[in-house]
Amino acid sequence: MKQSTVKFLAAATVIVAVGAMAASKWRASGTQASMADEPVLPVLQDRVNDVNSVVIESKDGAITLTRGGDGWVLAEKDGYTANGAKVRELILALRDARVIEEKTANQERFDRLGLDDPGAADSTSKRVTMKAEGGDTIASLLIGDQRVAKGGPAPAANPNVTPGEQYYLHPEGDGPALLATGELRIDGRPVGWIDQQLLDIGPDRIQGARVTHPNGAVIEAARAEMSDTELELIGIPEGMQPKEPSGTRPFLDALARLRFDDVQKADSLTWDAAEVTTAELFTEHGLVAKVESMEVQN
C-alpha cells in the first residue's frame, strides 16, 4: 500500500473518531436539554389537588399527614390538627421543582448524592409519597443532599433555569438521579408539622388568678386597677407577707405566647385528682381560661 494511501486512511480514522465524539456529546446535550427546566414530577401539574395524604419517611420514622373534612391532621400525634399552610407549601414546592440536569442512573452510586435508604441509621435522605383519597400513589420522590457552592448556589447547567436551592432527587422508578431546583427542605419532626402556639393572652389583659394545688391549698391574686403592674395576693394570713414583691408575675405571663412541645390525647393519660393543679386566669372582660396540669414521667 502506498504511503499516501496510509496517510489518507489514518486521517479518515481520526475524522471518524472525532465525529463519533461530537455525536456522543450532541446526544448527551440533547438529552440534558430535553430534561432541563422540566418538572421533576409532571404528574403533579394536573393532580396537585388530588393529593389526600403525604407520607414523609426518614431515619427518625414516618410522618403521615392526611386531609379530612376539617383540614390536615397528623396521624402520629393522635390526629391532632396539622399546619395546613405548611402542608400545602410542601405539595406546591414538589409540583414546582424543576430539573437542572440528569445525574447518574447507576443506583449503586446514589448514596454519593445522599440518595440512600431513608430507613438507614445514618441516612440524611427523605422520601415523600403523595397519595389520592383511595390510597393510590400519585407520586413518590427521594430527596438527597442539597448542593451548595461556595459563595452561593451552584449555577444551573441550563441558562433558562433559575438556580435557587438545589437538591439531588430521584423520582420513584428506574430513571436517573436528578439535580433539581426547588424549596425542598423537609421537616422530619412530627411536631414540626403542627402549630405549636396554643394561646397568646398578654399580661396586660389578666385581671386576676386562682391556683388550686393538689393538697387543696388555694392562692388568689387580683389587680386593684388594670394599670397596676402586679397582682396583689388575696387572703394573706395576718402577720405574713409575700417572699418576693414580684411573685405574682408568673400569673400574668402564664398565657402569653403559650406554646407546647408535644401533644397526645387527654384520655391516653390518667388524670389523678391527687396530682392535678388547676389554674384559672381571669381577664378584665370576663374571659376565664382554666388550665389543668400535672407532671408526666417520660
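Predicted model: local features only at pLDDT ≥ 70, side-chain atom pairs only at ≥ 80, totals over all residues.
1. The largest nonpolar core contains 37 residues, and Val40, Val54, Ile56, Leu65 and Leu94 are the members that touch the most others. At least two residues of this core come from each of the strands β1 (53-58), β2 (61-68), β3 (71-74), β6 (126-131), β7 (137-147), β8 (166-171) and β9 (178-181), and likewise from the helix α3 (84-96). The largest share, 5 residues, is that of α3.

2. Leaving aside residues up to four places away in sequence, Leu94 touches Leu41, Leu44, Val128, Met130, Leu141 and Leu184.

3. The length of α3 was also checked. With 13 residues at 1.5 Å a residue, α3 should span 18 Å, and the end C-alpha atoms are 18 Å apart, so the two values agree.

4. Asp37 is not a glycine, yet has a positive phi of about 70 degrees. Asp37 sits in the loop between α1 (3-35) and α2. Its relative accessible area is 29%, so Asp37 is partly exposed.

5. Arg257, also not a glycine, has a positive phi of about 50 degrees. The loop between α4 (249-253) and β14 (258-259) holds Arg257. With 63% relative accessibility, Arg257 is exposed, because the cut-off for that class is over 50%.

Note on methods:
Residues numbered from 1 in each chain as written. Heavy atoms only, no water. Core = buried A, V, L, I, M, F, W, Y, C linked by side-chain atoms within 4.5 Å. Buried < 20%, exposed > 50% of the residue type's maximum accessible area, 1.4 Å probe, protein only. Helix = DSSP H or I, 4+ residues; strand = E, 2+ residues; numbered from the N terminus. Contact = heavy atoms within 4.5 Å. Expected span 1.5 Å × (residues − 1).
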